[in-house]
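Here's a quick briefing to read alongside the model. Have a look at the fold, then work through the points below.

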Amino acid sequence: MGQLVLAAKVTHVPSLMLSETPGSPLRAAREPAVSSLRELGRRAKERGVSCFVVFDTHWLSNFGYHINANARHRGSFTSHEAPQMIQDLRYDLPGDTSLAEAIANRAGDAGLYVIAHQVPSLGLEYGTIVPMHYMNPDGFAKVVSVASPLFTSFEESRILGEATRRAIDASDERVAVLASGSLSHRLWPNKKLGPEAWTSVTSEFNRQVDLRVLELWQSSRYREFLDMLPDYATKCNGEGGMADTIMLFAALGWHDYHGTAEQLCDYFPSSGSGQVNVEFHVEA
């Protein structure tokens, strides 16, 4: 039987990569986030994680749920959105076709249309590449990337998260599940996109709600959080509709989850959005 051994909400902002540039003014600002992603990778390796399943809110689909089921993920990535931040970033990671197909099949059993693709030219998006750059740089674990549809429902994302957990439990894998995306996600308009935008939040309302969410997590008040999640995703401009967070909590057991949330870095702003790295501990 398989086991979920690590679950986390993680950032994937491209300014993490920009901070690696020698002399970057963002190096100090992004170091806590980078260090905490590396710490999550260390924990994953220590716990024998054999596969990362990444709910990627930067792989946005206009229709349908899609899973990258390639046996190997290999390429050189330049962001179409921010090529000045991520360019020619090489990755070479093993995939997990069996688990990807099992997730799609379990979701299909629940009435959700999901396709697991084996297409060599289907690359990864930076919502998967950036966390893996820090957490899985040597490819010690396989990777399954799951897209976030733009035109879907809260309930469908929950179904996919639950299907993911069933597939994990029926597998032979030790799995880490990552919700890769922001908290609030209202970005600065183009005319304000200077260096100061990289370290500021556009909306004080969004910032306050983000901080309240972190308080709820740290107090294990998950039922209250899940009750507010539909409004939170809408009113605070959730990235990909916060599908990653919906799927993460569904995989954790939704209202049945009572584990501890460990915030691994301070809440930080990026281009107007709110970011954090949090591990949701699961029973061994």
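Let's start with Ala116: setting aside neighbours within four places in sequence, Ala116 is in contact (heavy atoms within 4.5 Å) with Ile67, Ala69, Ala100, Glu101 and Ala104. This is a predicted model, where local features need pLDDT of at least 70 and side-chain atom pairs count only at pLDDT 80 or more, while totals for chains, interfaces and linings use all residues. Residues are numbered from 1 along each chain as its sequence is written, and side-chain values use heavy atoms, with hydrogens and water left out.

**More on Ala116**

- You'll find Ala116 in strand β6, residues 114-117; helices (H or I, at least four residues) and strands (E, at least two) are DSSP runs, numbered from the N terminus.
- Ala116 is partly exposed, with a relative accessible area of 23%; buried means under 20%, exposed over 50% and partly exposed in between, using a 1.4 Å probe and protein chains only.
- Glu101, one of the contacts of Ala116, is 15 residues away in sequence, with the C-alpha atoms 5.5 Å apart in space.

**The chain end around Val282**

- Val282 sits in the segment after β12 (278-280).
- Apart from neighbours within four places in sequence, Val282 is in contact with Leu4, Val5, Leu6, Ala7 and Leu252.
- Pro269 is 13 residues from Val282 along the chain, and their C-alpha atoms are separated by 28 Å.

**Two residues with positive phi**

- Met242 has a phi near 55°, a positive value in a residue other than glycine.
- Met242 belongs to the loop between α7 (222-235) and α8 (243-252), and is buried, with a relative accessible area of 1%.
- Trp254 also isn't a glycine, and its phi is positive, near 60°.
- The loop between α8 and β9 (261-263) is where Trp254 lies; Trp254 is buried, with a relative accessible area of 5%.

**Helix α2**

- Helix α2 covers residues 27-46, and its 20 residues should span 28 Å at 1.5 Å a residue; that expected span is 1.5 Å times one less than the number of residues.
- Several residues of α2 are buried, among them Arg30, Ala33, Val34, Leu37, Leu40 and Arg43.
- After α2 comes Gly48, with a positive phi near 75°.

**The whole protein**

- The protein has 8 helices and 12 strands.
- Its C-alpha trace spans about 50 × 40 × 35 Å along the principal axes.
- Buried residues make up 57% of the 284 residues.
- Among contacts with a separation of 6 or more, 79% are between residues 24 or more positions apart.
- The protein exposes about 11,900 Å², with carbon and sulfur atoms supplying 50% of it; the areas come from the Shrake-Rupley method with a 1.4 Å probe, and for residues only the protein chains shown count as cover.
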